[in-house]
Amino acid sequence: MARKNYRTCVRMGYWNDDLFLEEEMMKDFLEKRDKGQLLIQRNRKLIANLLKQTKLSVTEDGYIHYGDTVLVINPAYEDPHGGQAIFGRLALSVTPEEMKAHTTNEIEVPCEVTAMNTTSPIGRNTFTVISSDGKALGKPIRYGQNFGLATTAGFDDKMLYLGSDHKTLMKSSKKSLLQEVYLTDEFTYLTCWHAVYFDPELRIEHEGFPVPANTRTIIKHCHTNQALAANRKYSVRTYFGKECEVVCNTQLDCRKCEKPLNYWVLCTADPNDDSSIMLDRLNTSSEKNIPYEQVVNTDAP
């Protein structure tokens with residue numbers, strides 16, 4: 001019985017359709033590559049903007065002004081009761097969702113906020129102090145006066161505002177289930193904050209006075225009256241590694257004083273070196289790993 005023998009070079013089946021399909025896939029790939037729409041290109045653009053080096057403002061009178069570009073830093077401390085998962089000095093930062101960071105080149109809102117260990121000024125952790133009406137540019141902010149914290153996250157055409165709202169069953173922080181903090185693209189009353197003096201016994205006396213730069217203060221949310229907090233007991237897994245959860249929750253000790261997790265420093269640049277921050281130059285006691293009781297009992301720097 002005769003039998004046909006075929007060599008490997010013989011084309012069988014829908015070989016012509018497969019050939020055209022490969023050509024179309026290659027054309028589609030090259031077109032997306034030229035437009036910068038490949039996932040790897042989007043991811044690289046997003047990360048490049050977030051990690052782009054930025055410059056902080058330099059204060060001449062020692063106060064924070066509307067329009068200043070600052071780092072919002074939670075000073076380092078050690079809790080004698082333990083339970084800390086994150087140590088060291090932490091900076092408030094933009095943290096896009098890990099899965100979205102692989103597929104997009106933009107920041108999608110609402111965006112998560114965490115506290116990162118790096119305190120070098122980059123797109124992620126640089127914030128601008130803005131006024132609610134936009135007419136107070138250059139004027140110092142005062143204790144009890146509303147302001148906003150905005151960031152471009154390294155982008156030139158984007159502005160995100162730090163906000164918060166009352167927690168609900170459907171809306172709360174991931175780990176601690178407290179009042180969450182997020183970034184949004186609309187400046188409303190939910191994105192308004194005000195600073196209060198860190199010592200409750202002297203808080204009334206400082207009301208209305210300018211907020212000094214590079215010293216610890218309490219940042220409270222105007223709508224909920226809860227203080228911004230770096231919740232060091234809970235770490236969050238992000239695209240950039242393990243970072244600290246940020247919430248709105250006033251933590252008080254037995255003396256009705258806010259705990260160090262509610263302390264924040266609006267940090268400016270060193271006038272002698274724009275690439276470094278004033279906290280590195282000042283080396284204040286609030287920036288050292290000192291016990292919690294000593295942090296509470298220290299006087300204003």
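Predicted model: local features only at pLDDT ≥ 70, side-chain atom pairs only at ≥ 80, totals over all residues.
Some ground rules. Residues are numbered from 1 along each chain as its sequence is written, and side-chain values use heavy atoms, without hydrogens and water. Local features need pLDDT of at least 70, side-chain atom pairs count only at pLDDT 80 or more, and totals for chains, interfaces and linings use all residues.

Start with helix α1, residues 15-35. Helices here are DSSP runs of H or I, at least four residues, and strands are runs of E, at least two, numbered from the N terminus. α1 has 21 residues. From first C-alpha to last, α1 reaches 31 Å, close to the 30 Å expected at 1.5 Å a residue. That expected span is 1.5 Å times one less than the number of residues. Just after α1 comes Gly36, with a positive phi of about 70°.

Met26 sits in α1. Is Met26 buried, partly exposed or exposed? Partly exposed, because its relative accessibility is 47%. Buried means under 20% relative accessible area, exposed means over 50%, and partly exposed lies in between (1.4 Å probe, protein chains only).

Now strand β6, residues 160-164. The strand is mostly covered: 5 of its 5 residues are buried. Leu160, Leu162 and Ser164 point one way. Tyr161 and Gly163 point the other way.

What pairs with β6? Strand β5, residues 146-151, runs antiparallel to β6, with 2 bridges. Strand β7, residues 179-184, is also antiparallel to β6, over 4 bridges. Pairing takes at least two DSSP bridges between two strands.
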